[in-house]
Amino acid sequence: MAEKEITLMKGNEAIAHAAIRCGCDGYFGYPITPQSEVLETLAEQKPWETTGMVVVQAESEVSSINMVYGGACTGKRVMTSSSSPGVSLMQEGISYLAGAELPALVVNVSRGGPGLGTIQPSQADYFQTVKGGGHGDYRLITLAPASVQEMADFVDLAFELAFRYRNPAMILSDGAIGQMMEKVVLPPFKPRRSEEQIASECPWATIGRKGGRKPNIITSLELRSEEMEIINLRIQAKYREIEKKEVRFEEYMTDDAEYLIVAFGSAARISKKVISIAREQGIKVGLLRPITLWPFPSAKIAELGSRMKGILTLEINAGQMVEDVRLAVECKVPVQYFGRLGGIIPEPEEVVEVLKKMVK
Amino acid sequence: MTHEIIISGFGGQGVLSMGKILAYSGLMEGKEVTWMPAYGPEQRGGTANVTVIVSDEPVSSPILSSYDVAIILNQPSLDKFEPKVKKGGILIYDGNGINVPPQRKDINVYRIDAMDTAAKLNMIKVFNMMILGGLMKVRPVVTIESVLKALRKTLPERHHHLIPMNEEAIRKGMEIIVKEN
Amino acid sequence: MTREEIIREENLVYKKPELLNDVPMHYCPGCSHGVVHKLISEVIAEMGMQEKSIGISPVGCAVFAYKYIDIDWEEAAHGRAPALATAVKRLLPDRLVFTYQGDGDLACIGTGETIHALNRGENITIIFINNAIYGMTGGQMAPTTLLGMKTVTCPYGRDPKLHGYPLKITEIAATLEGTCYVTRQSVQNVGAILKAKRAIRKAFEYSMQGKGSNLVEIVSTCNTNWKMTPEKANQWMEENMFPFYQLGDLKDNGNK
C-alpha cells in the first residue's frame with residue numbers, strides 16, 4: 001500500500017490500529033467505558049494471525065498492568081489501556097515499572113471522577129499522571145493527544161521514548177478524543193523486532209540467559225538504603241535528561257498575542273475555537289498546547305508569559321495544570337483558570353466570556 | 001466553508017450511523033471532518049446525538065454550543081437544540097412524534113415526514129438516509145456520489161446489494177422535504 | 001587423609017546442583033524453601049532448560065529466589081506473579097515459565113491472578129509453598145492457617161467466627177478446566193523430596209508440551225514463626241497439616 005491510507009475512525013480505534021502497525025508485541029487490557037474500543041478493535045483485527053501481536057483480556061486492571069510488567073521485562077513492546085478508575089487500580093504496577101526501569105505504554109482515555117464518577121470526558125487525571133499517582137519518586141513520560149491523528153501517531157512515539165529512557169510512558173487522552181471520529185492517516189507497518197534484535201537492544205531483558213550469559217534479574221527491590229539512594233539518584237538524573245531533551249508543545253497564534261491560553265488535549269481544540277471567536281471580537285489571544293505534560297514546557301510558558309497581559313488555563317477539571325503554569329511564570333503574570341467538571345466539556349462561548357472579563 | 005451539524009433523536013433511529021455516513025462522505029471529498037457522539041449507555045429508545053463537522057479547513061473544537069444545521073428526530077431533541085441553531089441557520093425535523101413544532105422565525109425551518117414515508121414504502125431500514133437526502137437538498141454539504149462512495153467503503157461487501165435502496169431513500173428525502181417558514 | 005585426597009572424583013557422593021548459586025541463603029535453618037529451590041534447580045538442569053527458563057518471584061520470604069537459582073528472573077508485585085507469567089509465556093511460548101509463591105501471595109492478595117491464570121490454561125507452572133503463615137512479615141495469619149493455629153494476628157488461635165476458614169486453593173484449582181496437573185506434595189523426608197521433584201518435573205514438562213496450567217503445592221514448615229525446632233515442625237506438619245491438606249495428585253490430565 002504505497003499511497004497514504006486516509007480513513008475515518010475513533011481515537012480508541014486509532015490506538016489499536018497504530019499499536020498493530022508499530023510493531024507492538026502485546027496488549028493486555030480490561031474493558032471500561034469510554035475506551036473499550038481499543039480491546040474490541042484488537043480482538044476484531046486478530047493481529048496474532050498477522051503480526052504475531054499477543055492480545056489478552058485480563059481479569060482486572062491490576063492484572064493487566066502486571067501482565068504489562070511481565071511482558072516489559074522481556075524487552076517486548078507491550079501496552080495496556082484503560083480509563084480513570086481502571087488507571088487508579090494500575091498505579092501500583094506503574095510505580096513498579098518506573099522502579100524497575102521498564103519501558104511500557106499505558107493509555108488513559110480519562111473520564112470524570114472522583115470515584116465511579118461519570119463516563120463522560122474529563123482531564124481530572126492530570127495530577128495523577130504527572131505528579132505520581134503511585135508511590136515513590138518517579139515520573140511518567142506523558143503525551144497528550146489533541147486529535148485522532150495524534151492518538152495514532154503517539155503510540156509509536158511513546159514506545160520510542162519509553163525504550164530510549166527505559167521508563168513507562170503514558171498517553172493521557174480523554175473520552176472525547178477516544179470516542180470522536182476524525183480523518184486519520186495510519187502509520188505504515190513496522191515489523192515487530194526479532195528476538196536477536198531485542199537481545200542486542202535490550203541486554204537487560206529476561207528472555208532466558210542464552211549463550212551462558214549472567215542471569216538477568218528485574219526487580220525494584222533493594223533493601224540497603226545506601227544502594228537504594230544511588231538507584232534513585234540515577235533515575236532522577238535520567239528524568240533531568242528527559243526534561244532537557246523531550247519537551248514538546250504546539251504554539252498557535254502567539255506572535256501578536258496579548259493573552260495566552262494554555263490547554264492540552266481536547267481543551268486545546270476548544271481553545272482554538274475560542275481564539276477564532278475572541279479574535280473576531282478584537283481580543284488578541286494565542287494558545288500554547290503542551291504535548292508532553294511531563295516533561296512540562298515550563299521554559300516556553302515562562303518565555304511567552306513574559307510578554308502577555310494574562311494567562312488563562314482551560315482545563316476539563318477543577319484546575320490542576322494551572323499550578324504548573326503559575327510555577328512556570330513564577331507568578332510574574334496573572335494566571336487564571338477556567339474549566340468544567342463532572343464530564344461537562346466547556347463550550348467555546350463561555351470561555352470567550354471569561355477572556356472578555358480578563359481583558360476588562 | 002464549514003458545516004456544523006447536530007443530529008439528534010432516539011437511539012435506534014440511526015442517528016449515529018447517519019452522522020457517520022455524512023462524515024465519511026465528507027472524507028471522500030477530501031474535506032476535514034469530525035464525528036463526536038454524545039456517548040453513553042443509551043440503547044434503543046434513549047436519546048442519542050452526534051455532532052458532525054465538515055469543513056475545508058482543519059476543525060478546531062469538535063464540541064459546539066451552536067450549529068449551522070440541526071436535524072431533529074424527536075421532541076426532546078427539538079426542545080434542546082432549537083435554541084442552539086445559529087441565526088439564519090437551518091432546522092430540519094421529522095414531524096413524527098412532534099407535538100410542539102419549531103417556533104423560531106430567524107432560522108430556516110424544514111419539515112421532512114420521513115418516518116411516515118418510510119413506513120408507507122416499507123423502507124424503515126433506510127429512514128435515516130431519507131433524512132440525509134433532505135439535508136442534502138437544502139444544504140448540499142456533500143454530493144450524492146460521495147455518499148454512495150462512502151456507503152461502498154463502509155458497508156461490508158455482503159450488504160452492498162442494499163446500496164440502491166439507500167440511494168432511492170436519499171432521492172425520496174430530497175423530494176419530500178418542505179420549507180415551513 | 002589430606003583435604004586433597006578427599007576431594008577426588010571417586011569420593012564424590014553428592015554435588016550442589018549446578019544452577020544453585022553458591023551464596024549464603026537468607027532462609028532460616030530448617031525452612032522448606034531451600035529444598036524446593038534445589039529441586040527446581042535440578043529439574044531445570046536435567047531438562048536442559050538453563051538458557052530458556054524464566055522464573056517469577058513473589059513478595060514474601062521467596063522474594064529473593066532470584067538470588068539462588070541461576071536463571072533469568074522477574075520479581076513481581078505482591079500476588080501478581082501469575083499475571084507476569086501469563087505475559088512472558090504468551091510472548092515467549094518456547095520458554096519454561098514458572099512462578100514461585102507463598103500462601104499469602106498466592107492464596108490471599110493474588111487469589112484473582114492465580115485462579116484466572118490457571119483457568120485460562122496458561123502453559124505455566126505455579127510452585128506454591130504453603131506453610132500456613134506469613135513468614136517474611138513475622139508470623140501473621142495466612143489464608144491457609146489451620147483452625148486453632150496461633151499466629152501473631154490470631155494469638156488465641158484461628159477462630160472461624162473471627163477469621164473464617166483455611167482456604168484449600170489447590171482443590172479449587174483442580175476443578176478449573178484450564179489446569180492440567182494439580183498436585184500437593186511435601187519435602188520433610190527423602191521419600192517426599194523425591195516425589196516432589198517428580199511432580200515439579202512433570203508440571204514443567206506439561207507446561208512445555210502446551211497442556212495447560214500446572215499447580216504444585218508443597219506443604220511446608222515455618223519453624224521460626226511456628227516457634228518450633230525444625231524436627232518438631234516437621235512432626236507438627238505431619239500431624240496437623242497433612243490431615244487437612246492431604247498429599248497426592250488432585251488432577252493429572254497430562255496423558256488424556
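1. Helices here are DSSP runs of H or I with at least four residues, strands are runs of E with at least two, and both are numbered from the N terminus.

2. Before you go on, note that this is a predicted model, in which local features need pLDDT of at least 70 and side-chain atom pairs count only at pLDDT 80 or more, while totals for chains, interfaces and linings use all residues. Residues are numbered from 1 along each chain as its sequence is written, and chains are lettered from A and ligands numbered from 1 in the order in which they are written.

3. Back to the helix: is α3(A) enclosed or open? In α3(A), 13 of the 13 residues are buried, so the helix is largely enclosed by the rest of the structure. Buried means that 20 or more other C-beta atoms, placed from the backbone, lie within 10 Å of the residue's own; exposed means 12 or fewer, and partly exposed is in between. After α3(A) comes Gly75(A), with a positive phi near 80 degrees.

4. Now look at chain A as a whole, with its 14 helices and 15 strands. Its radius of gyration is 21 Å, close to the 21 Å from the globule rule for 360 residues, so chain A is as compact as a globular protein of that length. The radius is taken over C-alpha atoms, and the rule is 2.2 Å times the number of residues to the power 0.38. Of the 360 residues of chain A, 58% count as buried.

5. Contacts tell you about the fold too; two residues are in contact if their C-beta atoms, placed from the backbone, lie within 7 Å. Among contacts in chain A with a separation of 6 or more, 78% come from residues 24 or more positions apart.

6. Four of its five residues are buried, so β8(A) is largely enclosed by the rest of the structure. It pairs with β1(A) in the antiparallel sense over five bridges, and Met9(A) has Glu182(A) as its bridge partner in β8(A). Pairing requires at least two bridges found by DSSP between two strands.

7. β8(A) also reaches across to a neighbour: two bridges join it to strand β2 of chain B, residues 32–37, and the two run antiparallel. Here Met181(A) has Trp35(B) as its bridge partner. Altogether, 19 residues of chain A are in contact with 17 residues of chain B. Which element gives the most to the side of chain A that touches chain B? It is α11(A), with five residues.

8. Strand β9 of chain A, residues 217–218, pairs with β2(C) in the parallel sense over two bridges, and Ile218(A) stands opposite Glu74(C).

9. Finally, chains B and C have no contact with each other, and their closest C-alpha atoms lie 28 Å apart.
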